[in-house]
Each structure stands twice: as C-alpha cells, then as structure tokens.
Amino acid sequence: MHIIRKKGWELPERLVTPQSVFCSRRQFVAAAGLLGLGAALAPGMPPSGAAAAEGSLYPAPRNPAYGDAGRPVTPEDLNTTYNNFYEFSTNKRIFELAEQLKTRPWDIAVDGEVEKPFTIGFEDLLKKVKLEERIYRHRCVEAWSMVVPWTGFPLKQLVDMSRPLSAAKYVRMETFLNPEMAPGQQPSFLAASMPWPYVEGVTMAEAANDLAFMVTGAYGKPVAKSMGAPIRLHLPWKYGFKSIKSVVKVSFVKERPVGFWEQLQGSEYGFWANVNPEVAHPRWSQATERVLGTDERIPTLLYNGYGDQVASLYSGLQAEKLWM
C-alpha cells in the first residue's frame, strides 16, 4: 500500500479548486500530456526567490494608499506553492519545477512604436525605479483568490522610460521561451497545441493607470521563481491570467495583442478579462470566490473591488466584451 502523508504547507482537500473547474480549464492542454508532469513533483520547501544580490532592496517602503486590501494577507507558504505557471506544469504545486528558472542574466527588450528600441538588464532597470510595497487582491479566473504584499513599481514608469510614439495603442508583453529550462514548453509535452511564448497585453490607458504594477518582489523579498521571477505584471482588477510572469519583452504596438489563453480558446478568455461577478465563465460561475487558505467563500466584487480607480477606463466601450 502506498501511503501519502500531507506536508504542512499542503492545502486540505476541502480547499482545493473544484475538480470540474480545474479540469475544464485544462482540457486544452491535457491532450498534449503536460498534466503528467505533476507526477514528477515531490514534496519540498518553497523556493527562495531571486538572486541574493538584490536582497538589500527589500523590504521596500509600503505605499499607504495600498496598505490594506480589506482582508488578511495570504500566507506566503500557500502563495508560493499554489499557483499557475504553465511553462513548468499545470499542477498547482509547480514550485520545485519552477526552481529550474534561470533568472540571471535577465534582459528585457523594449521595441515597437518607441523613439528608440533598447534592451535593459534587470539589475539596471532596478536602478532606474523606486520600489514600493502594495497589498493587492488577486482574483483567479478559476474562482479562487488571495491577497499578496507585492513589491515593485508602477507600469507607467516603464512606459515613460520607453518613450512610446503616439502610434502606440497597446502594450504587449512576452515571457521567456526556453524549452530546455521549462518542461511545459517542450514539444514532447505540448507539441504545436500551445502558443508559446506566453503573451498578454493592455491598452495604453490601462498601462498608465496607477494600479498597473510591475512586480519584482513579494513578502518583503525578491519575488519567488514560482510566482514569476524576476519581474512580472500584476493587474488587480483583472482575472489573474492577464498578469503575465517572467517578462522578457515589452512591445508598444498599434494592433491589439492576442493573449495566450485567447489564442487557445477565444470564446472563453478574451482581451479585457475584467472581473465581474455577474458574467459567468461559460463553464462555471464567477459570482463568488474561495479565499485561499480558508474555508471562506465570499462574493466577488466588480473589478475585484477596484472600480473607483479603473471603471472610467472603459467608458464608451460597452460594445466590447469587457468581462472575459
């Protein structure tokens, strides 16, 4: 008999994402065999985060405007061991596989409709911005949520640094493409069914909103590899799949980018993906959310509770599918 003993950081069965939701969202990848990667995971400790060289920057001062998310911060050991990072696996506990992520050296290319394209090293970027901590809510499209003390800088700072031309209408972001490092990107697992690299985008107006945040740290330290080290995006009013991890390219473009999940199933995952409890996913309700690490199931808020800061971005766009 094979006896499995749960570790202290593992979620009780009652708190796990319902199987119907978990499986239905992953039906697009299951046929390619990536789900089998879960068997390769063994219990272990959460990752240590990015390189120690930047550790002196953390913890950063907290921005008082974002010092309270309205509910307690999710424990770090849950956050770093229960999330999505499909480049490594569709299993939630991808933290051991994500340790294969090589975050040094790490360059970010900026191109497209800008005065002058450039590439900047991550450490050099950190020298040009002032880091701050913000406590944000995070709402996954799978109907679970958490609260995270992110460290980083407003996306607007990166936009300003890039000097976009007036022709730029959208900001397109792209993550790494390295099948040797990331098992989920290997053709033997995903073949041609997955549109790697992961791509997401926002409008220039969304990028200029103060809520849009480039994340370099969490929990008072460099952001963990499993959470998208060394730099990722967080958009707290949108479903989590819009918040791209491990960014290597930022392009200012004229045409609306088509994101990773929109390419896979555009009828269910769209460009806007703003949180709305009254608009169900085609295969499950978005009216409530399970708070990670608790027995709570709470009502979901429009724009994840950030409507006062972002609703005006969508004035006159009623014809758009803003909620998926």
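Y269 counts as buried because its relative accessibility is 0%, where buried means under 20% relative accessible area, exposed over 50% and partly exposed in between (1.4 Å probe, protein chains only). The model is predicted, with local features needing pLDDT of at least 70, side-chain atom pairs counting only at pLDDT 80 or more, and totals for chains, interfaces and linings using all residues. Residues are numbered from 1 along each chain as its sequence is written, and side-chain values use heavy atoms, with hydrogens and water left out.

**Aromatic pairs**

- The whole structure holds 19 aromatic pairs, a pair being rings of Phe, Tyr and Trp (its six-membered ring) with centres within 6.5 Å, called stacked when the planes are under 30 degrees apart, edge-to-face when over 60 and tilted for the rest.
- The rings of Y136 and F213 form an edge-to-face pair, because their centres are 5.9 Å apart and their planes stand at 70 degrees.
- This pair links distant parts of the chain, with Y136 in strand β3 (residues 132–139) and F213 in strand β7 (residues 213–218), 77 residues apart; strands are DSSP runs of E with at least two residues, helices are runs of H or I with at least four, and both are numbered from the N terminus.
- Both Y136 and F213 are buried.
- F241 and Y269 are also edge-to-face, since their ring centres lie 5.5 Å apart with the planes at 90 degrees.
- F241 is buried, with a relative accessible area of 7%, and belongs with Y269 to a cluster linked by ring pairs that also includes Y86, W196, Y198, F260 and W261.

- Strand β5 (residues 170–175) runs antiparallel to β6 and is joined to it by five bridges, and R172 stands opposite G201 in β6.

**Around N63**

- N63, in the loop between α2 (27–30) and α3 (76–79), counts as buried at 17% relative accessibility.
- A polar atom of the N63 side chain lies 2.9 Å from the backbone nitrogen of A65.
- Apart from neighbours within four places in sequence, N63 is in contact with E132, E133 and R134, contact meaning heavy atoms within 4.5 Å.

Notes
A polar contact is a pair of N or O atoms within 3.5 Å; within protein, one must be able to donate a hydrogen and the other to accept it, and residues adjacent in sequence count only if both atoms are side-chain atoms. Two strands pair if DSSP finds at least two bridges between them.
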